[in-house]
Amino acid sequence: MRSPSFYLASEILSGSPTLFCSQVLPAAAVDRSKFRTCEQGSFCRRYKKWISRPEREKALWTVLPQTRAPLPEGGFSFQVKHVNEETPHLLLKLNIYASGMVRMRITEIKPLHIRHEIPPGDVVSDPPPAAAKVSEADESGKSIFKFATADGTAAEDRTELNARNMLNFERYRTPKERLPPDTASVAAPDTVLLDAAAHPNGLDTNGLWEEPFGGHTDQKPRGPASLGMDVSFLGDVPSLFGLPEHATKASLPFYQEPYRFFNLDVFEYEIDEPMALYGAIPIIWAIHRLGGQTVSSGFLWINPSETFVKLERDTPDGKGGPAHAWWTSESGVLDTVVMVGPTPKTVSAQFHDLTGHGPMPGLWALGKHQCRWNYMSEKDVATVDSMYDKYDIPYDTIWLDIEHTDGKAYFSWNAAAFPNPKQMIDNISAKRRKFVNVVDPHIKKDEKFHVYREVRDKGFFVKKVSYKQIDDPTDVKPADWVEETKIPDPTATQPPELFCGEGGWHPRKVNDPTPDLTDFEGWCWPGTSLYPDFTDPAMREYWGSQFALDKYTGTNADTYIWNDMNEPSVFNGPEVTMPRDAIHPNGMVEHRDVHNMYGYYVHRATFEGLQKRTPGDRPFVLTRSFFIGSHKYSAIWTGDNYAQWSHLKASIAMVGALTLGGQSLVGADVGGFFKHPDTEMTVRWYQLAVLIYPFLRNHAHLETPRREPYVFDEKTMLRIKASLQMRYKMLPLWYTLFHRWASAAEPVVRPLFWDFLDDPQTHENEEALESQIMLGDSLLVHGIAKPSSEQSEATVYLPKASGWYSIHNGAFKAPGAHVHKLDLDSIPAYYRAGTVVPLKSRIRRSSACMSLDPFTLNVYLNPQTGAAKGRLYIDDYRTRTYQDVGLLCARKIDFTCSARLGTRTHHAKASFEETLKSSH
Amino acid sequence: MKFTLLSVFACSPAAVIRGVAPEVQSKYLQSLHCGGEEVALSAINDDYCDCDDGSDEPGTGACSGQEATLFHCPNVESTPQVVYASRVGDGICDCCDGSDEAHLLGQRACPNTCREEGQRQSAEREKKLEDLRAGLKVKLETISQAKQQKQEKEEQIQRINGELPGLEAQLTELLKKKEEADAVRLQADCKTELPRLRQKVKDLEEKLASLESQLARVQGETTSTTTKKVVSEYAKWMDGADAMEDEKDETDMEPDTTSQDTQEVDGGVASNAVSSDRADQEEDPLEKELKEMEGVLKSNKDLRSRLTKELEELREEHFGFASLRDKCLEFKSSEYTYKLCFFKDAKQSFTRLGNWDGFTSPTEAVFKNGEMCFGGPARSLKVSFQCGATEEVVSLDEPSRCNYAAVVRHSGACVETMMEELESPRIRHPKEEL
């Protein structure tokens with residue numbers, strides 16, 4: 001394996017970044033006033049001023065090579081000294097992993113308050129990835145870190161950290177001092193430049209200790225603690241990808257406004273926006289054209305507090321040359337990982353080496369999910385199920401949204417509409433189908449609700465702090481205090497503004513160090529609701545135990561769970577979420593420190609509960625909110641999208657960004673959640689979704705008309721049915737690809753560059769970037785996102801390969817751009833020549849019904865060689881025994897054909913190579 | 001050669017082709033074609049799908065996903081049925097005889113439940129037949145009543161149509177008489193009135209002249225001011241308010257006129273015709289006669305249009321539902337009381353779900369344009385009628401927001417052909433089920 005060399009470079013790159021603006025769309029639906037921009041949040045605003053200060057080019061921090069020490073978890077650390085300090089206060093930790101990654105962390109050596117660090121195993125695997133042997137090229141100790149691979153494939157540097165000297169690290173300080181303790185001695189406080197919050201000219205001191213927004217005031221008893229840094233992607237960088245979750249393009253636009261990561265329940269989100277959405281996987285994928293080669297790399301920013309990232313270019317036209325990003329987070333530690341590539345496959349492998357591999361989903365999870373807010377009764381559920389059967393349309397899972405509960409107390413049933421839930425679900429099971437119920441993390445405040453009582457009694461609810469101001473006991477009256485004599489101004493008509501009061505001197509007021517903590521109450525679906533502290537493993541254990549079949553009445557072992565609203569959504573909270581100053585009783589951590597991981601901990605607790613409920617079974621959890629590492633537990637959907645063509649199109653980029661973030665079990669609501677798609681949009685959405693959404697669910701808002709496939713006119717119904725039949729036919733391909741994901745870290749669906757990095761069109765051709773995506777390495781799909789009245793043909797770009805075959809009629813096409821006449825029966829999709837595609841031709845009611853049916857192998861020959869290759873993976877489709885070697889079957893298929901293409905008879909030879917051992 | 005093969009095949013007891021109804025077996029015993037090619041006998045039910053329509057695999061699941069060829073389960077002791085090919089060998093027992101899952105053996109084998117199913121089905125059928133017979137009886141009565149009513153209504157219309165020319169002629173006559181009388185009176189009036197009116201004209205002309213001179217003076221004084229008429233905001237508002245008041249008055253008038261109309265229809269001769277003329281102190285007998293005649297004419301016309309509307313509303317094909325006229329059925333859910341008043345409106349407690357909009361099929365009707373939902377559509381209610389001797393609302397749901405659906409049992413939905421269907425059930429395509 002390659003091992004990246006690491007050195008501290010001595011030169012400092014200069015040059016101020018050029019900002020440029022991409023188009024800003026007018027507001028259509030989302031209420032922007034509710035959500036903060038960078039400028040409206042004190043730490044981001046402060047950081048922007050920090051990085052544009054005139055003296056920025058002067059290096060501030062020095063890494064002290066002589067302080068190098070080994071870390072207990074592997075790697076080594078250095079102390080980092082600020083130019084205005086005598087003793088170093090920051091610690092830089094470095095880990096260099098054998099798979100080709102460098103992790104760099106910066107934290108305080110002795111912080112005033114604990115700086116929150118994500119526990120080992122929650123994001124970065126525990127034990128961490130294997131360490132590489134390190135050769136140190138240079139330890140001259142400056143502030144730039146460069147990374148390159150030493151495997152000879154690309155000798156050039158491709159990633160630089162802090163090359164633009166934007167590092168900011170705000171140490172905790174006491175309210176009475178502008179500077180952290182023991183720095184005041186260095187120089188007069190008013191001249192010390194330490195960080196963005198302690199600047200001699202006071203860059204921006206608003207919001208350091210409290211900050212109002214949208215009618216809420218964020219108390220910040222611990223004061224400023226933000227951090228930030230820049231990263232540069234070197235070479236000619238045509239495109240950056242990633243940064244899920246944002247409703248933006250695949251090739252990330254360089255917006256004027258930074259991309260925001262702050263998990264939120266955004267009502268009616270819009271497209272082409274850097275606004276925050278429900279989840280956060282702060283990863284950037286870069287493509288570098290370097291020294292005549294094209295390579296890729298990844299950069300990960302691991303911080304669960306609010307984070308902004310700004311993409312920048314050196315050139316005013318925003319094209320070509322290197323690309324830069326600056327990052328800033330509100331609190332915690334600076335934790336970054338550079339995945340050096342050089343191929344997309346290795347970047348993916350490096351990411352999963354760091355964060356862990358995803359589990360195999362049950363085959364059924366890849367089938368069709370039918371959801372709606374809401375199926376209103378047992379009869380309703382039975383009718384939907386039988387209507388699918390009536391028209392012989394395959395589907396696997398029926399879902400219930402919040403209305404099934406007794407007053408939104410989850411784990412309960414509305415007894416009037418669902419008197420016999422167990423029977424209802426058993427009837428679904430009898431069709432070899434599955435059932436999913438929503439269980440949200442907000443807990444209804446209701447004495448009658450056992451979950452409320454138990455979580456309250458265990459003290460697991462997130463707390464609200466009521467700060468009291470007390471006299472600062474450390475503030476004593478100075479010995480030389482001279483009482484001011486108040487001389488009333490005889491000419492004044494108003495009383496003097498500053499009145500010292502009786503006695504003249506008073507001790508300073510400070511927040512009570514032991515403030516009152518009460519359970520935080522917010523508003524959500526049930527009315528007054530409380531929010532468990534899911535960061536606490538004991539709370540997660542309790543939560544998980546609630547899914548036991550004897551606890552969760554009315555469910556059976558075919559019942560799986562949907563966690564919605566887990567950002568968390570707090571209807572009356574700031575930005576519709578939890579106040580940042582709320583306290584998690586687990587470690588007395590402030591909510592701001594863990595916000596972006598709240599949803600992760602919720603769905604993880606659910607996953608682990610289901611694992612215990614049905615030992616050996618593969619759990620299924622769908623989550624709306626997520627973080628780096630969510631792929632180990634949950635499926636994700638892109639939240640409450642809209643029945644609009646723009647949302648249909650954006651789902652291609654959104655799904656692609658998420659799969660690049662390790663999250664392959666992902667999809668958007670087919671047809672859009674809000675409003676009602678017309679028949680053409682519905683058909684186009686299905687045609688795309690069956691080919692590129694690994695998680696395929698039809699969902700709709702309470703106030704929309706029904707949209708199950710069978711409610712449409714016959715022509716439309718038949719088109720939807722044909723799409724779904726194609727999905728079921730291709731399930732063996734999907735399943736095999738998921739095995740590649742679970743075992744070899746390959747995203748199931750991926751942007752074109754992942755497979756065709758050497759084809760420059762895949763990094764710069766608009767259609768190839770935004771309308772097209774690959775399913776595995778074999779199928780290219782081009783989404784149609786306009787009505788036929790506006791678009792009668794599509795230009796499909798087929799990347800450089802040995803050729804392509806139309807999935808619909810087998811027609812062969814050479815690589816390049818092709819104009820494709822459109823009809824309503826299909827969207828353009830092509831199998832790559834030289835692939836063998838495993839299929840099942842018998843389409844039945846559900847995937848389980850097809851599990852014993854024979855396979856069909858479609859062979860798409862490479863016309864030059866007459867050969868084709870593929871894979872097929874088979875196991876029991878539902879248990880975890882696949883993890884034990886011997887209980888599965890993974891085959892490589894090699895197919896060669898001695899005759900030329902076009903002849904009917906040929907001598908074919910197929911060899912099936914067992915890859916079982918090598919894959920585990 | 002083929003002949004030999006066939007005869008061997010046909011004579012063997014194994015010749016029964018799995019999944020094929022007895023009456024269709026012969027089709028398979030001759031020769032089978034699909035896609036323009038003949039299918040080899042060995043290809044039939046060989047668990048490999050050769051034909052797109054599935055016809056070579058009537059007894060296996062090999063052609064699952066198509067719906068042209070269905071699997072036939074004999075279901076001895078119950079009713080034979082056909083199921084989609086996708087149901088054959090999918091591990092779910094669909095046929096009561098288990099023939100769709102013949103490969104399942106031992107404990108996993110499908111139990112034969114045809115006897116129980118047959119008994120249950122025949123009990124259900126018996127019950128349905130009973131309902132159907134009773135329903136048909138009620139329906140017949142309803143229809144004959146409706147026919148009689150229709151006839152009566154038509155006769156009434158005819159009567160009115162017959163009487164109207166006479167009445168109109170009388171009215172014309174009266175009008176003529178009145179005109180003449182008016183002319184005589186006018187002449188008399190002119191003689192007395194003319195001098196007085198002339199004097200009045202003279203007076204007014206003088207007044208006009210004086211006002212004009214005043215105006216000229218005033219204009220002369222204010223030549224410097226703008227000619228544009230200055231209107232204060234208040235005045236504008238007042239104008240607007242006046243206009244609004246006018247409109248309001250007009251709209252207020254409308255319900256009155258309608259209520260008068262109804263009064264006329266219900267009470268026969270109009271009384272307002274007289275009352276509105278109360279200004280004339282002495283009632284002219286001719287005038288009175290005229291008003292009365294106009295009233296009679298109007299009430300006849302109103303009655304005719306009401307009858308015509310009723311006839312159109314309930315056409316002959318829906319006579320079975322005639323008993324629903326002027327009737328309301330109630331349904332109580334845990335939250336609301338629903339009231340379905342046919343040919344009128346439907347309500348959910350106090351919320352109007354819609355006005356009667358007529359039948360949409362032989363057994364379906366709809367109430368439309370109910371109260372608007374917040375931000376959503378106007379409420380509406382679809383009614384599906386189910387055969388039964390009694391009249392009742394069986395269920396009422398809201399499948400999507402503000403779109404309600406009711407199932408109503410009513411004899412009007414009973415059809416003679418259902419008898420045949422129940423007595424000797426036909427094999428239904430899976431699409432016809434539910």
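Trainee: What makes B:Cys34 and B:Cys51 a disulfide?

Mentor: Bear in mind that this is a predicted model. The sulfur atoms of B:Cys34 and B:Cys51 sit 2.0 Å apart, and the cut-off is within 2.5 Å, so the pair counts as a disulfide. B:Cys34 is in strand S1 of chain B, while B:Cys51 is in the loop between strands S2 and S3, 17 residues apart.

Trainee: Why is B:Cys34 called buried?

Mentor: Its relative accessible area is 15%, and buried means under 20%, so B:Cys34 qualifies. B:Cys51, at 1%, is buried too.

Trainee: How do you know which hand the link of B:Cys387 and B:Cys414 has?

Mentor: Look at the angle about the S-S bond: 95 degrees, and the link is right-handed. For B:Cys34 and B:Cys51 the angle is -80 degrees, and that link is left-handed.

Trainee: What makes B:Cys73 and B:Cys95 a tie between separate parts of the chain?

Mentor: B:Cys73 lies in strand S3 of chain B and B:Cys95 in the loop between strand S4 and helix H3, so the bond ties together parts 22 residues apart in sequence. Their sulfurs are 1.9 Å apart.

Key: Residues numbered from 1 in each chain as written. Chains lettered and ligands numbered in written order. Predicted model: local features only at pLDDT ≥ 70, side-chain atom pairs only at ≥ 80, totals over all residues. Heavy atoms only, no water. Helix = DSSP H or I, 4+ residues; strand = E, 2+ residues; numbered from the N terminus. Buried < 20%, exposed > 50% of the residue type's maximum accessible area, 1.4 Å probe, protein only.
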